[in-house]
Amino acid sequence: MTNTRIPGLSFSLKRALGITRAKQQFARTTGIPTTCAGVERKIGRALLKALFGK
């Protein structure tokens with residue numbers, strides 16, 4: 001069995017349905033990140049700010 005994928009061509013159902021854009025819009029307007037890494041960064045920043053006041 002050979003790999004018949006075309007290099008550089010991919011398809012994302014989430015992007016096609018507009019879910020990705022909706023999540024980005026939500027995150028921008030509310031300031032709440034929608035990714036795990038973004039939430040962790042935001043919580044970490046808040047903790048450091050509370051501890052050290054910077």
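Visitor: Is Arg 41 buried or exposed, and why?

Guide: Buried means under 20% relative accessible area, exposed over 50%, and partly exposed in between, with a 1.4 Å probe and protein chains only. Arg 41 has 53% relative accessibility and therefore counts as exposed. This is a predicted model, in which local features need pLDDT of at least 70 and side-chain atom pairs count only at pLDDT 80 or more, while totals for chains, interfaces and linings use all residues. Residues are numbered from 1 along each chain as its sequence is written, and side-chain values use heavy atoms, with hydrogens and water left out.

Visitor: Where is Arg 41 found?

Guide: Helices are DSSP runs of H or I with at least four residues, numbered from the N terminus. Arg 41 belongs to helix H3, residues 36-52, and Ala 37 is found in helix H3 as well; Ala 37 counts as partly exposed because its relative accessibility is 44%.

Visitor: How many of the 17 residues of H3 are buried?

Guide: The count is 1, so H3 is hardly covered.

Visitor: What span should the 17 residues of H3 have?

Guide: The expected span of a helix is 1.5 Å times one less than its number of residues. For H3 this gives 24 Å, and its end C-alpha atoms are 24 Å apart, which agrees. For helix H2, residues 19-30, the 12 residues should span 16 Å, and the end C-alpha atoms are 16 Å apart, which agrees.

Visitor: Which residues make the nonpolar surface patch?

Guide: Patches are made of residues with over 30% relative accessible area and no salt bridge, and nonpolar side chains (Val, Leu, Ile, Met, Phe, Trp, Tyr) are joined within 5 Å; a salt bridge is a side-chain nitrogen of Lys or Arg within 4 Å of a carboxyl oxygen of Asp or Glu. Here Phe 11, Leu 13, Leu 17 and Ile 19 make a patch of about 470 Å². One of them, Leu 17, lies in helix H1 and counts as exposed because its relative accessibility is 61%.

Visitor: How many residues apart along the chain are Ala 37 and Leu 17?

Guide: They are 20 residues apart along the chain, and their C-alpha atoms are separated by 23 Å.

Methods. Helix = DSSP H or I, 4+ residues; strand = E, 2+ residues; numbered from the N terminus. Patch = residues over 30% accessible without salt bridge, like charges linked within 9 Å, V, L, I, M, F, W, Y side chains within 5 Å. Areas by Shrake-Rupley, 256 points an atom, 1.4 Å probe, with all protein chains shown as cover.
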